[in-house]
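Please keep the sequence and the model in view while reading.

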Amino acid sequence: MIIKEINIKNFRSHKNTSISFNKGITTIIGENGSGKSSIFEAMNYALYTKTNIKKEELIKRGTNHFLIELTFEIGGDEYKVVRRRGKGGNVDKLYKNGNPNTENSSEVNNRIKELYEYAKEYKLRE
């Protein structure tokens, strides 16, 4: 799995953050409390929706929802997972090469698990 981009809105300390990742090793640096760990928490939430933190604590203060969009590549295909939580309801979507692939939380979670297993196999074959 190659992480290509993440867009984070109203998640923890991030109001509107977009990061594109180049191939290779990426380093994220910054002052304590600047949101470095929150970037990884957002990636984790996008992929697995598992956290020990209450949803209300993930939503940036003064806002009523958060949105995470994570784009990654596996086996030459590009996927984008979208997770939104808060007032107005939840959104869980997975796109494959720009086309809707699945559109509810459990289906997205199951599909990402399948993709992860495929990525392990794909890596072994390279």
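Strands (E, at least two residues) and helices (H or I, at least four residues) are DSSP runs, numbered from the N terminus. Two strands pair if DSSP finds at least two bridges between them. The model is a predicted one, in which local features need pLDDT of at least 70 and side-chain atom pairs count only at pLDDT 80 or more, while totals for chains, interfaces and linings use all residues. Residues are numbered from 1 along each chain as its sequence is written, and side-chain values use heavy atoms, with hydrogens and water left out.

Strand S1 (residues 2-11) and strand S2 (residues 14-20) run antiparallel and are joined by 6 bridges. Opposite glutamate 5 stands serine 20 in S2, and isoleucine 6 stands opposite isoleucine 19 in S2. Asparagine 7 has serine 18 as its bridge partner in S2. Between the two strands of this hairpin lie 2 residues, and arginine 12 in the turn has a positive phi of about 55°.

S1 also pairs with S3, to which 7 bridges join it in an antiparallel arrangement. In S3, glutamate 69 is the bridge partner of asparagine 7.

The view now widens to the sheet. An open sheet is formed by 6 strands in the order S2-S1-S3-S4-S5-S6, with antiparallel pairing. S2 and S6 are the edge strands, each pairing on one side only. On average, neighbouring strands of this sheet are turned by 20° against each other, direction ignored. Helix H1 (residues 36-48) packs on the sheet and touches S1, S2, strand S3 (65-74) and strand S4 (77-86); the direction of H1 makes about 105° with that of S1. For such angles, axes are lines fitted to C-alpha atoms, for helices over the stretch in contact, and the values run from 0 to 180 degrees between N-to-C directions.

Leaving aside neighbours within four places in sequence, threonine 102 is in contact (heavy atoms within 4.5 Å) with residues including Asp92, Leu94, Val108 and Arg111.

Tyrosine 48 belongs to helix H1 and is partly exposed, with a relative accessible area of 38%.

Conventions:
Buried < 20%, exposed > 50% of the residue type's maximum accessible area, 1.4 Å probe, protein only.
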